[in-house]
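Here are my notes on the aromatic residues and the nonpolar packing. Have the model open while you go through them.

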Amino acid sequence: MFSCKAADENLPLEWRDGWVRALPPGSGMTAAYGELWNKSPETIHLNAFDSKTFANVSMHQSIMQDGVSRMQESRDVQIAAGEVLKLQPGGMHLMLMRADRDVLAGDKIEIVISSGTQRFLFILPVEAR
């Protein structure tokens, strides 16, 4: 398990400018954004996502279909060596569903991303944007 800290230069995966959208109390679904940077010399396959706070975590892409914006789950997302995957509203993002508590601005959310046998732990701030 790896911890996300800007000072740790040895991590092959870094989540830059990561944040989770705050939602009104009682809402059980939100999203995480930022940039996932593959600092390794090999492609990283993001194949599993988890959080202690959410029962379901998955990567989604917003797409236009028949003039309507829809979300489509993306499985086995790949980030080539040295590349950045941008997670942003209206694009690729990490869906966080069925929260076990209210997720409010100022909170911190732990998210684990798995790539094969490697697991990366990120702690993201919750922001009202």
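1. Start with phenylalanine 122: this residue is buried, with a relative accessible area of 0%. Keep in mind that we are looking at a predicted model.

2. What turns up if you search the whole structure for aromatic pairs? There are two of them. In one, the rings of tryptophan 15 and phenylalanine 122 have their centres 5.3 Å apart; their planes are at 75°, over the 60 degrees needed, so the pair counts as edge-to-face. Tryptophan 15 sits in strand β2 (residues 13-21) and phenylalanine 122 in strand β12, so this pair ties together parts that are 107 residues apart in sequence. Tryptophan 15 is buried too, at a relative accessible area of 5%.

3. The other pair is tryptophan 19 with tyrosine 33: ring centres 4.8 Å apart and planes at 40°, so this one is tilted. Tryptophan 19 belongs to strand β2 and tyrosine 33 to strand β3 (residues 29-38), so the parts tied together here are 14 residues apart in sequence. Both tryptophan 19 and tyrosine 33 are buried.

4. Now the cores. The largest nonpolar core has 27 residues, and the members touching the most others are Trp15, Leu36, Leu46, Met59 and Ile111. Strand β12 (residues 118-127) gives the most to this core, namely four residues. There is also a second, separate core of five residues, among them Ala31, Tyr33, Met95 and Met97.

Note on methods: Residues numbered from 1 in each chain as written. Predicted model: local features only at pLDDT ≥ 70, side-chain atom pairs only at ≥ 80, totals over all residues. Heavy atoms only, no water. Core = buried A, V, L, I, M, F, W, Y, C linked by side-chain atoms within 4.5 Å. Buried < 20%, exposed > 50% of the residue type's maximum accessible area, 1.4 Å probe, protein only. Helix = DSSP H or I, 4+ residues; strand = E, 2+ residues; numbered from the N terminus. Phe/Tyr/Trp six-rings, centres within 6.5 Å; stacked < 30°, edge-to-face > 60°.
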